[in-house]
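Biologist: Could you take me through this protein slowly, one question at a time?

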Amino acid sequence: MVRNLLFLLLFGSASAGLAQAGRPDYPVDKGRLLFHENLDKEQEKLFNFNGAKVRGIVPLGHDESINSQIRYALTDQVDALQKQFELDSALGDNAKKKYLKGLEILVKTYGSSTNRREFSPVLGPSIVSAFDAAVTLDRRNKSIEPIVQGNTYWVGKIIVDCFSYPENIGVPASRKVLTTKFLNQYPDRIMPYLRSNITYPGRDSLIAVVARRDPRKVYDYAAANDALARYIRIHPDPVVKVIAEMASSKSGQQYFPFIDEIYRGKMTLDDLDKVKDNDQEYYKLMVKTRLSYTARLLQKDTPMEMQALIQKMGDKARNYYISEINGLHNSPDPVRFKRIENLNPQELYYLCVLGEDEIYTSSYRGVFKRIIQKLKGVPTDSLFMSVNFDYFRKFIKMAAAYNELDTLLKLMPDSNATVLMKSFMFGLEKSTNLDNVEDAVDVADAYSSIVEKNKELAASMLQEARWNYDRCQKNGDLNGQKIYFIEKTLFESADSSNNINLSTTLGIAPVYTVDYNSLTDSAGRVVQQVFFYGDDDKDGQNSYANFMTLFRGKADWSIQENPDYVTIKSTKGKPVWIFANKPLYGEDDPDAKAQEKLAEYLAKNNLEPTIFIHRGHSYHVKSSLAQIMPSARVVILGSCGGYNNLNDVLTISNDAHIISSKQIGTRTVNEPILNAINTSLRNGKNIDWIPMWRDLSKLFTGESKERFDDYIPPYKNLGAIFIKAYRNQTAE
């Protein structure tokens, strides 16, 4: 009755009525009228009927044939059951009310749960069918447990909810079935559930399952001081025993990356105790373990907690080695690189790929030089084989970005170099998904570095992209088709004679221009936020001082200062407001507190920046990214634009235009870029990247031109464009 809800008021008799236009064609007892009415109201909320302007709460998909099945089940089939219950003379009043109420619960729960994305709307027909089957059992006073057992968790849960008032005899047993189904479907909820239900009969097997699937979670619970932690410590499973022993130790965090080796008896806690306090030996052991793990992966054997190991390796690489090399950038090489002299080529290799977002240009080149030296004439392709091709796309991408790819390729046989680059392009469909597009982004970024420097290699990469696209078409691999279509389109667009409009071809927001109106707020202002950092080397303070020269003493700008931040406003042309925290240095992170106070001011005054600018060392980038808002339309990193940074920005704001540098950011380039952007904004003009970049390039010569060329404008930021296009096409 959802399409035409009318109330049939009956006077003096239990049931009566004639079918009228737009009214139910069967009599409804006035004692059950409210039950029908409530059910119909819940149905009305689900979909958009008869051109109604109110959008239904169920998030239907793009496949209309599936949508039709969903609508049919929740409208026609529910209506049929509704009529069946009302007219069934074998059913008593209480039974009719029970089943009508059950239908109301079904429709209401289905709508609210799909609206919250708890499960897919496609379950609708299964839920209605299961309800009908459960009614058949309930009428015979039989348990609904077989229905719950034979369906998925969400179908079973709704059926149990529908038959709980009054309760079907099978509800208690069904709830136990649901618990098992829930924990199997959502294993990440097992440990929280057991903490509150420590006597659950299947606890041993569940804890053992989690220990192999997510050892970190068991470790965290074992380190607590409660009943579940105490039980984990006496658990009989060998993996759980290892985890419990680690969790009981003060050095557990250092042991944890090696859990698989310890469990297999290849390493002991005593072995780790010998190196855990020696940064270099600990790092070396991690690399050795990583190489063992990657070799096992080739045999289809996946070790536990590989991610924990690589995270720990990355932390050690950045904090112990790279920070030292970067910090000594003004020192002679023997002093600057002393800490890495005892590392072998593989250990140096991981410094590069794990330190991408923080390593300085000169630091990278120093590490790369030592890799080549330590290979001692052995062809460089042996390096990739020795690390089982772990992160090899990242290493090639970085070599291209730092102009070392030719060196890398020339130090191996030509045939091997050809195979390597084919491998670089091959198989992206296996490693690329919505959660991880890093390999594909590395390929796109590498091409952007290669295309201007090695036309022959760029042409070869384009050919491989086309070949792989055809391969995936023949194989019917939709994911591969998306990936390689985007890659080849990006490569082809680099040649302006192809006249490829990336926005149109890839179905993404414009990449060549930023509409002025998209940058303004409701008051017509363009609001910018700039992040500065106080550093002991005065880099941040100097950067801030140079930044302020763009505005101090200029008639076009007014400046207001307080102890924490500065407000800069245009006095001519369109309103442009720029807010920048001061780069304060000292104990307790005064620059962070200044940024907090600025954020509070912006929020209090409903100011949402659309342009965000990071100024300072690359290791401060993460802090800046954490403060960027979804309102971002232009993000200027002014330092390394590695995959993680690009991905973080585009996760916050899907269509943000990103300017980044492949090398160290410099004020001599940053400031002309900012000045050009602000000039366009004060004139109320769109930001047109291509002519702007062409005009900017004329300002630089010599070394400064090389620095400028390392900056990547949004329309050439192929990695960022790939992320946008892939997310857009995969979401369709």
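Predicted model: local features only at pLDDT ≥ 70, side-chain atom pairs only at ≥ 80, totals over all residues.

Biologist: How many helices and strands does the protein have?

Modeller: Helices (H or I, at least four residues) and strands (E, at least two) are DSSP runs, numbered from the N terminus. Counted in this way, the secondary structure comes to 38 helices and 10 strands.

Biologist: What share of the residues of the protein count as buried?

Modeller: A residue is buried when its relative accessible area is under 20%, exposed when it is over 50%, and partly exposed in between, using a 1.4 Å probe and protein chains only. Of the 732 residues of the protein, the buried share is 52%.

Biologist: Which helices do the buried residues of H9 pack against?

Modeller: Helix H9 covers residues 203-213, and its buried residues are Leu-206, Ile-207, Ala-208, Val-210 and Ala-211. With contact taken as heavy atoms within 4.5 Å, these buried residues pack against helices H7, H8, H10, H11 and H12.

Biologist: Within what arc do the buried residues of H36 fall?

Modeller: In helix H36, residues 689-697, the buried ones are Trp-689, Met-692, Trp-693 and Leu-696. They line one face of the helix, because, seen down the axis of H36, they fall within an arc of 95°, where the arc is that of the directions from the helix axis to the C-beta atoms. An α-helix has 3.6 residues a turn, so residues three or four places apart point the same way. The arc for H36 is therefore given as 95°.

Key
Residues numbered from 1 in each chain as written. Heavy atoms only, no water.
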